Amino acid sequence: MAMLHTVNKSPFERTALQSCLGHALEGASVLLFEDGVYAAMQGTAVSAQVSEALGKVRFYVLGPDLRARGLREDRVIDGIQVVDYDGFVDLVTSHDNVQAWL
Amino acid sequence: MVNEGPYNHQASDSAYRFTKAALDKGHEIFRVFFYHDGVYNGTRLGVPPQDDRNITQLWQELAAEHDLDLVVCVAAAQRRGILDADEAKRHGKDADNIAERFRISGLGQLIEAGIKADRLVVFGD
């Protein structure tokens, strides 16, 4: 069991993702939702950093928030799992605690 | 905990949908605590356009169905003009506006929820 980190801001708007990755311990999970979903996409200025972090933490992205922004699941970085709200709930219950990087 | 008002980015929508999903899966929601601008979720005077979601009403319906405890922080609410009948009377105001199913209480309710619930999930901006 480990910590679930939630990031809800775009990495092109705030430094929440940077702060999160700077603090997340190996084995932790990061859920990208709301505008945070932009960090899950291939071919962006942060995708290399996210791919590298996948060696240390697990990444999840909220599918409904991808679709609300017209982003396609097949453009999500390999290794990031797409979840729905049920999956969000399961992530919360399967981790010891939740840290929101607001 | 909801730290951001409705119709302002997405925090209230996310919190509602997460709460609903958790309840649908059979989990217990000990309390929803509205803090900072989140207290605006609890006004009964909001009139969103007919083709838009009414977030306050969505919370009320969910609360009615699952007997949810929707708590609005008193200090945050007073600053922003969210009052129940007692608070309105105490401060000499001519009206109150707390929505049915919401109640105004203190930060102690957040602390209690943090102690009694297995998880605390924060939604905000």
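Trainee: Which residues does Arg31(B) touch, not counting residues up to four places away in sequence?
Mentor: Happy to start there, keeping in mind that this is a predicted model. Arg31(B) sits in the loop between α1 and β1 of chain B. Leaving out residues up to four places away in sequence, Arg31(B) touches Asp69(B), Val71(B), Arg103(B), Gln109(B), Glu112(B) and Ala113(B).

Trainee: Which side chain joins that of Arg31(B) in a polar contact of 2.8 Å?
Mentor: Look for the partner in the list of residues that Arg31(B) touches, which includes Gln109(B) and Glu112(B). The polar contact of 2.8 Å links the side chain of Arg31(B) to that of Glu112(B).

Trainee: Is Arg31(B) buried or exposed?
Mentor: The cut-off for buried is under 20% relative accessible area. Arg31(B) has a value of 14%, so this arginine counts as buried.

Trainee: Let's move to chain A. With which side chain does the side chain of Asn8(A) make a polar contact?
Mentor: Asn8(A) is placed in the loop between β1 (3–7) and α1 (16–23) of chain A. At 2% relative accessibility, Asn8(A) counts as buried. Beyond four places in sequence, Asn8(A) touches residues of both chains, among them Phe33(A), Glu34(A), Gly124(B) and Asp125(B). The polar contact, at 2.8 Å, is with the side chain of Glu34(A).

Trainee: Nice. In which strand does Leu31(A) lie?
Mentor: Leu31(A) is buried, because its relative accessibility is 0%. Leaving aside neighbours within four places in sequence, its contacts include Leu4(A), Thr6(A), Tyr60(A), Leu62(A), Phe88(A) and Leu91(A). The strand that holds Leu31(A) spans residues 29–32 of chain A and is β2.

Trainee: What distance separates the C-alpha atoms of Leu31(A) and Leu54(A)?
Mentor: Along the chain, Leu31(A) and Leu54(A) are 23 residues apart.

Trainee: Which residue caps the N-terminal end of α4(A)?
Mentor: The buried residues of α4(A) are Tyr85(A), Gly87(A), Phe88(A), Val89(A), Leu91(A) and Val92(A). For the cap, look at the backbone nitrogen of Asp86(A), which has a side-chain oxygen 3.2 Å away. That oxygen belongs to Asp84(A).

Trainee: Which elements give two or more residues to the lining of the largest pocket?
Mentor: The largest pocket has a volume of about 540 Å³. Of its 27 lining residues, the closest to the centre are Glu28(B), Ile29(B), Phe30(B), Ala117(B) and Arg119(B). The elements asked for come from both chains: α4 (85–94) of chain A, with α1 (11–24), β1 (32–34) and α5 (108–116) of chain B.

Trainee: How many residues in the lining of the largest pocket are nonpolar?
Mentor: Sort the lining by class: 4 residues are polar and 5 are charged. The nonpolar count is 18.

Trainee: One last thing: how many disulfides are found over all chains?
Mentor: A disulfide is a covalent bond between the sulfur atoms of two cysteines. Cysteines are present: Cys20(A) is buried at 0% relative accessible area, and Cys73(B) is buried at 2%. Over all chains, the number of disulfides found is 0.

Technical notes: Residues numbered from 1 in each chain as written. Chains lettered and ligands numbered in written order. Predicted model: local features only at pLDDT ≥ 70, side-chain atom pairs only at ≥ 80, totals over all residues. Heavy atoms only, no water. Disulfide = S-S within 2.5 Å. Buried < 20%, exposed > 50% of the residue type's maximum accessible area, 1.4 Å probe, protein only. 1 Å grid on protein atoms, 1.4 Å probe; cavity = no way out; pocket = protein on both sides within 12 Å on 5 of 7 lines; lining within 4 Å. Points joined across faces, edges and corners; volume = space filled by probe spheres on them. Helix = DSSP H or I, 4+ residues; strand = E, 2+ residues; numbered from the N terminus. Nonpolar A, V, L, I, M, F, W, Y, C, P; charged D, E, K, R; others polar. Polar contact = N/O pair within 3.5 Å; in protein donor to acceptor, adjacent residues only side chain to side chain. Contact = heavy atoms within 4.5 Å.
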